[in-house]
Amino acid sequence: MPERARPMRTAVPAALVAAGLLLTACGTLPDPAAPAAPAAPEKATAAAPAVKAVAALGGPGTACALPVSFGLAEGWKPEAVKNPEDPEFAALTRQGPATVRCEVDAKPSGNIGYLRVWTAAKGPARTALEGFVRAEKGSSAVTYRETEAGALPATEVTYSVGDKSAEGAEEERAFAVATPKGEVVIVHLGGLDTDEHRAMLPAYELARTTLKAL
């Protein structure tokens, strides 16, 4: 049975200024006949460091039987949720339209948090994800975007949970895909706090970019 740990990180690109504009800023007008100075390349946007998959989850013989598979980062330990359909434990195993099937513990890797995999009935991925977020008590600052998970179209959400006025709001992130058979899969990253959440983003991105339908 999953422990209800608090389910629950971006760069600013900078444009370089061309040499002619620098001269203008200093009070010297550029010669209109002179060839334009080549544009300087934009600085690369910083990103969370990439991690490599050391195992796969979801396929035959893995810890969790899922409609999808994806790569696991080193130290992340998966475990199937037992009896997720038991109504006695619905408060722990259901969130909106989704039922939790698997949780991947980050503690062996040095972080406090989980990747949890949920499934929902056949339908649009975004609809299931919206219902999932609405069911998270205290969710706010919700932002949805269309993206990809592996080769599948996906909807991703970032949001906050908690009291922002008390500086206790925590970042949350999840993505949802509709599998070829129609079932929706939601992969959610949760952590002890925002710092833990951001530290675990590379493992989350690994799951999203390596996801495959089974």
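**Close-up views of a predicted model**

**View 1. The disulfide between Cys64 and Cys102.** Cys64 and Cys102 are joined as a disulfide, with their sulfur atoms 2.0 Å apart. The structure shown is a predicted model. A disulfide is a covalent bond between the sulfur atoms of two cysteines. Cys64 lies in the loop between strand S1 (55-57) and strand S2 (68-72), while Cys102 lies in strand S5 (residues 98-105), so the pair ties together parts that are 38 residues apart in sequence. Cys64 is buried, with a relative accessible area of 1%, and Cys102 is buried as well, at 0%.

View 2. Glu103 belongs to strand S5. Its relative accessibility is 11%, so Glu103 counts as buried, the limit for that label being under 20%. The side chain of Glu103 makes a polar contact with the side chain of Arg116, at 3.0 Å.

**View 3. The open sheet S1-S2-S11.** Strands of a sheet pair through backbone hydrogen bonds, either parallel or antiparallel. Which order do the three strands of this open sheet follow? The order is S1-S2-S11, and the pairing is antiparallel. S1 and strand S11 (212-213) are the edge strands, each pairing on one side only. Between S1 and S2 there are three bridges, in the antiparallel sense. Helix H5 (residues 201-210) lies across S2 and S11 and runs at about 140° to S2.

**View 4. Strand S9 and its partners.** How many of the nine residues of strand S9 (residues 170-178) are buried? Eight of them are, and the strand is mostly covered. Strand S8 (residues 152-161) pairs with S9 in the antiparallel sense over eight bridges. Ala154 has Val177 in S9 as its bridge partner. S9 also pairs with strand S10 (residues 184-191), again in the antiparallel sense, over six bridges. Here Ala174 stands opposite His188 in S10. S9 and S10 form a hairpin with five residues between them. In the turn, Gly182 has a positive phi of about 105°.

View 5. Most residues other than glycine have a negative phi. Asn83 has a phi near 50°, a positive value in a residue other than glycine. Asn83 sits in the loop between strand S3 (77-80) and helix H2 (90-93). Is Asn83 buried or exposed? Asn83 is exposed, with a relative accessible area of 56%. Ala141 also has a positive phi, near 50°. Ala141 is found in strand S7 (residues 139-149). At 45% relative accessibility, Ala141 counts as partly exposed.

**View 6. The whole chain, for orientation.** The protein chain has five helices and eleven strands. Of its 214 residues, 40% count as buried. The accessible surface of the chain comes to about 11,700 Å², and 57% of that surface belongs to carbon and sulfur atoms.

Note on methods:
Residues are numbered from 1 along each chain as its sequence is written. This is a predicted model: local features need pLDDT of at least 70, side-chain atom pairs count only at pLDDT 80 or more; totals for chains, interfaces and linings use all residues. Side-chain values use heavy atoms; hydrogens and water are left out. A disulfide is a pair of cysteine sulfur atoms within 2.5 Å. Helices (H or I, at least four residues) and strands (E, at least two) are DSSP runs, numbered from the N terminus. Buried means under 20% relative accessible area, exposed over 50%, partly exposed in between (1.4 Å probe, protein chains only). A polar contact is a pair of N or O atoms within 3.5 Å; within protein, one must be able to donate a hydrogen and the other to accept it, and residues adjacent in sequence count only if both atoms are side-chain atoms. Accessible areas come from the Shrake-Rupley method with a 1.4 Å probe; for residues, only the protein chains shown count as cover. Two strands pair if DSSP finds at least two bridges between them. Contact means heavy atoms within 4.5 Å. Axes are lines fitted to C-alpha atoms, for helices over the stretch in contact, and angles run from 0 to 180 degrees between N-to-C directions.
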